[in-house]
Amino acid sequence: MTSFPETLARALRTAPGNPFVTFYDEASGERQELSTTTYANWVAKASGLLVDEHGLERGDSIRIDLPTHWLAAVFLGAAWNTGLVVTDSDGSDSSGPDAVVCGPETLVAWADDAGKRPTLACSLLPFGVRFADPLPQGVHDVGIEVWGQPDAFTPFDPPAADDTATSWAGVETSHADLFGDGKADRLLSTVPSASPAGAELLAALLAGGGSLVLATHATDDRLAALAEAERAQPNWS
């Protein structure tokens, strides 16, 4: 029986300097690599942003509406670190999420309701920088707000192993179930981390001491080359 904070703490004790998430965007040329320690640092900053800046509490729900990107993996970790439930709710009814993290392509879909819930937007530009243009009223720019958060975060009310970590189409999965089985492999994936398959993969690799190579906008030939260069096995589901 374990939870995300316990799983991350174990990974930091056993392999703090090992690469955990390596990201390639073949459209922009970005390559971003997060060691376990760097990932934990980003998770801490994002946790502070969600809890200290925007008042979210254990048990609240969050929609991470981001494509294949390293920041999606960071916000998944921040949600689980603070006891939030990651959901696929689209906000079309009264059971919509308590908070949203979105990107440029999904910003319009959430901007009109930004006054109803904390709405955070990621530019998805290299190094996680701010948007070039002002955002709609009520939408918060992660590239501005995240940098002022502390590099360490200890949840005041940490999640327990039996707390819900994800709720996809109403099907709930606990921390214990999500982090119970680990993978020690280095895997290459194009699947968005904030999806059922992507979240399960990220959790398994963290639990098992593995690592993830994320790629987007890559051709099949380029994916094969990345797999060879990164010594990673393809994992498309």
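In strand β11 (residues 211-216), S189 has L214 as its bridge partner. Strands here are DSSP runs of E with at least two residues, and helices are runs of H or I with at least four, both numbered from the N terminus. The model is predicted, so local features need pLDDT of at least 70 and side-chain atom pairs count only at pLDDT 80 or more, while totals for chains, interfaces and linings use all residues. Residues are numbered from 1 along each chain as its sequence is written, and side-chain values use heavy atoms, with hydrogens and water left out.

- β10 and β11 run parallel and are joined by four bridges.
- Helix α2 packs on this sheet and touches β1 and β2, where contact means heavy atoms within 4.5 Å.
- The direction of α2 makes about 95° with that of β2; such angles run from 0 to 180 degrees between N-to-C directions, with axes fitted as lines to C-alpha atoms, for helices over the stretch in contact.
- The sheet is open and has five strands in the order β2-β1-β11-β10-β12, with mixed pairing; two strands pair if DSSP finds at least two bridges between them.
- At the edges stand β2 and β12 (233-234), each with a single partner strand, so one side of each has no neighbour in the sheet.

**The seven-stranded sheet**

- Seven strands make up a second open sheet, ordered β7-β6-β5-β3-β4-β8-β9, and its pairing is mixed.
- Here β7 and β9 are the edge strands with a single partner each, so one side of each is left without a neighbour in the sheet.
- On average, neighbouring strands of this sheet are turned by 25° against each other, direction ignored.
- Strand β4 (residues 85-87) pairs with β8 in the parallel sense over two bridges, and T87 stands opposite S167 in β8.
- Helix α3 (residues 70-81) packs on the sheet, where it touches β3, β4, β5 and β8. The direction of α3 makes about 175° with that of β3.

**Strand β5 and its partners**

- β5 (residues 99-102) sends A99 and V101 one way and V100 and C102 the other way, and all are buried. Buried means under 20% relative accessible area, exposed over 50% and partly exposed in between, with a 1.4 Å probe and protein chains only.
- Strand β3 (residues 61-65) runs parallel to β5, and four bridges join them. The bridge partner of R63 in β5 is V100.
- Strand β6 (residues 119-121) also pairs with β5 in the parallel sense, over three bridges. Opposite V101 stands L120 in β6.

**Helices α1 and α2**

- α1 (residues 4-14) and α2 (residues 36-53) pack at an angle of about 145°, and their axes are 9 Å apart.
- From α1, the residues F4, L8, A11 and L12 meet T36, T37, Y39, A40 and V43 in α2.
- Sorted by class, this contact has seven nonpolar, two polar and no charged residues. Ala, Val, Leu, Ile, Met, Phe, Trp, Tyr, Cys and Pro count as nonpolar, Asp, Glu, Lys and Arg as charged, and the others, Gly among them, as polar.

**Helix α8**

- L223, L226, A227 and E230 are the buried residues of α8 (residues 220-230).
- Down the axis of α8, these buried residues fall within an arc of 100°, so they line one face of the helix; the arc is that of the directions from the helix axis to the C-beta atoms.
- The face turned away from the buried side of α8 carries the exposed residues D221, E228 and A229.
- Cover for the buried residues of α8 includes β1 (19-25), β2 (30-35), β10 (186-189) and β11.
- R231 follows α8 and has a positive phi, near 55°.

**Loops and a contact across the sequence**

- L124 has a positive phi near 65° in a residue other than glycine. L124 sits in the loop between β6 and β7 (139-141) and is buried, with a relative accessible area of 17%.
- A169 also has a positive phi, near 50°, and is not glycine. A169 lies in the loop between β8 (164-168) and β9 (171-174) and counts as exposed at 68% relative accessibility.
- A111 belongs to helix α4 (residues 107-111) and is buried, with a relative accessible area of 15%.
- A111 and G138 are 27 residues apart in sequence and 7.6 Å apart in space, C-alpha to C-alpha.
- Leaving out residues up to four places away in sequence, A111 touches P136 and V139.
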